[in-house]
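Have the sequence and the 3D view open side by side, and let's take it one piece at a time.

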Amino acid sequence: ENELMAATRSALCSAWPGREREIDRLWELLEEPDLALPTFVYGPSGGGKSGVLRAVLQALGARHAILDCVTCSTARSLFESALTQLHRHVPSASNGYTGWAPCDSAPAFVAGLQQAVSEYGRLVLVFDNAAGLGERKEVLTLLLSLHTLCGSAAVSIVFVAEALWPEAHELTAFAPLATVRFGGYSKAQLEAILAVDAPKGCEAAWRDFLPLFVSYSYEICRDLHELRYLCRGAFGEWMRPVHDGLIDAGDKGALLRAGKVCLQEARKRVYAREAPLTRKAEAARAVDGADGGGLALPTSAKWLLLSAYLASRCRPGMDSALFASRQKGAPSSRRAKRARATYDEPHPFTMQRLLAICAALRHAGVGGGQPMAPELTQVASLLRLRLLHRASRAEELDAVRLSCAAPLELVDATARELQFDLEVYLAV
């Protein structure tokens, strides 16, 4: 049996290159059935957190439920979804598409878990996208106490998010909490992972292409999902001169000189949800307008992008009328109608103004307060993606000024995705 488990563990490491250390750590924490230590798995998006965790749980044969804390926005939906998955209940027409059992209180949830433990033994509850749980203290306190409330150590809790909660120890009342950090992939690891996506019949060309693609993209994006999406499209453009008979596949120098343009274009399209396009098709699409998609960025970064575009177009003296009383729609009152004046061309704006507009749009209400680290991180991401540019000199740290370089098509697609009425703010 030990040899079988070792072989399974080795197979997992082979299936997830670059995640051997994380697999070993999760295996140690989840293998022992008597160890009910809450675990927090964190790391950048696209780093394999959820996939590796799911693979480890399946390899261990642990009965588990994976819950999305964004989709399950209430305690009741979390409880009912957990019990439905643990009991492997499938909503259907025969049962009226209902869950395993209604569960609208903590005692009912604990009772359902106790029944599942008695029937199935060891249970693991995985809470994905758990960043918001830090603001739901009653639910979090209950989850951290389940091993006590259920009267056994057979219930394990795993939280998954991009970063630890701020002041996590104080939030958890200094309860023991194991952490597993998924760091960003190195260039060599990304090449090893992307190598398995080689198109049939083009394996050699794919191997030559990958180091160049990763070198061009590494500083801007390390999200594996995004890189896979970009890599497939860029490789098609890379091989176009070969397919058209203009360059011999074995002439690596000529292929490299011709392919630099497609690599540069791929880097510009990071996070932009558009298919690889020829220059003519890109021009046609620019005329027709982009259709849907927006950006594959965190929601906070999308709101910052919208705020940056508005800050670059709206006059600073109109901010109070436009943004002070926003209620999920248009600026209200006759004041806003009189104030609705915009620049013809984008203008620079201060960092504090950007954050204040973003706070108003998201009902944060922090006004001109000090910027928080997560917001500054997302601003830095937009700068790396060249959607924002720094307009002030590097030595000017007390009054950072920015400019928005995002095209209107991209901003409009993001606004539609967030269900935000952009036009009403730009109307003259």
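**A walk through the fold**

Let's begin with a pair of strands: β7 and strand β8 (residues 401-404) run antiparallel and are joined by 3 bridges. If you want a spot to look at, find L388, which stands opposite C404 in β8. This pair belongs to an open sheet of 3 strands, ordered β6-β8-β7, with antiparallel pairing. At the edges stand β6 (349-350) and β7 (388-390); each has a single partner strand, so one side of each is left without a neighbour in the sheet.

Before going further, keep in mind that what you're looking at is a predicted model. Zooming out, the chain has 21 helices and 8 strands. It runs to 428 residues, and buried ones make up 42% of them. If you take the contacts between residues at least 6 apart in sequence, 71% of them join residues at least 24 apart.

Now for the other sheet on our tour. This one is open too, with 5 strands in the order β2-β3-β4-β1-β5 and parallel pairing. Its edge strands are β2 (63-68) and β5 (178-181), each of which pairs on one side only. Going from one strand to the next, the twist averages 20 degrees.

β2 is joined to β3 by 6 bridges, and the two run parallel. Here D68 has D128 in β3 as its bridge partner. Step on and you find β3 paired with β4 in the parallel sense, over 5 bridges; in that pairing, V126 has V158 in β4 as its bridge partner.

Is it enclosed or open to the outside? Of its 6 residues, 6 are buried, so β3 is largely enclosed by the rest of the structure. You can follow that along both of its faces: L123, L125 and F127 point one way, while V124, V126 and D128 point the other way, and all are buried.

What lies across β3, then? Helix α3 (residues 49-60) lies across β1, β2, β3 (123-128) and β4 (155-161), and runs at about 160 degrees to β4. Helix α4 (residues 75-86) lies across β2 and β3, running at about 150 degrees to β2.

Take helix α9 (residues 187-194) and helix α11 (residues 224-238): their axes come within 11 Å and cross at roughly 60 degrees. That angle makes α9 oblique to α11. The crossing in which α9 passes α11 is right-handed. Which residues of α9 meet α11? They are L190, I193 and L194, and on the α11 side they meet L224, L227 and R228.

α11 has another partner to look at. It packs with helix α13 (residues 252-268) at an angle of about 145 degrees, and the axes of the two are 9 Å apart. The crossing of α11 and α13 is right-handed. From α11, the contact is made by L230, A234, E237 and W238, and from α13 by L255, L256, G259, C262, L263 and A266. The residues of the contact between α11 and α13 divide into 8 nonpolar, 1 polar and 1 charged.

Our last stop is helix α20 (residues 408-417), where L410, V411, A413, T414 and A415 are buried. What do the buried residues of α20 pack against? The answer is α15. Just after α20, look for Q419, which takes a positive phi of about 55 degrees.

Over in helix α15 (residues 299-313) you'll find K302. Is K302 buried or exposed? With a relative accessible area of 7%, K302 is buried. To finish, trace the way from K302 to E417: they are 115 residues apart in sequence, and 9.4 Å apart in space, C-alpha to C-alpha.

How values were computed: Residues numbered from 1 in each chain as written. Predicted model: local features only at pLDDT ≥ 70, side-chain atom pairs only at ≥ 80, totals over all residues. Heavy atoms only, no water. Helix = DSSP H or I, 4+ residues; strand = E, 2+ residues; numbered from the N terminus. Buried < 20%, exposed > 50% of the residue type's maximum accessible area, 1.4 Å probe, protein only. Axes fitted to C-alpha atoms, helices over the stretch in contact; angles between N-to-C directions. Parallel < 35°, antiparallel > 145°, perpendicular 65-115°, else oblique. Left-handed = near helix turned anticlockwise from the far one by under 90°. Contact = heavy atoms within 4.5 Å. Pairing = 2+ DSSP bridges. Nonpolar A, V, L, I, M, F, W, Y, C, P; charged D, E, K, R; others polar.
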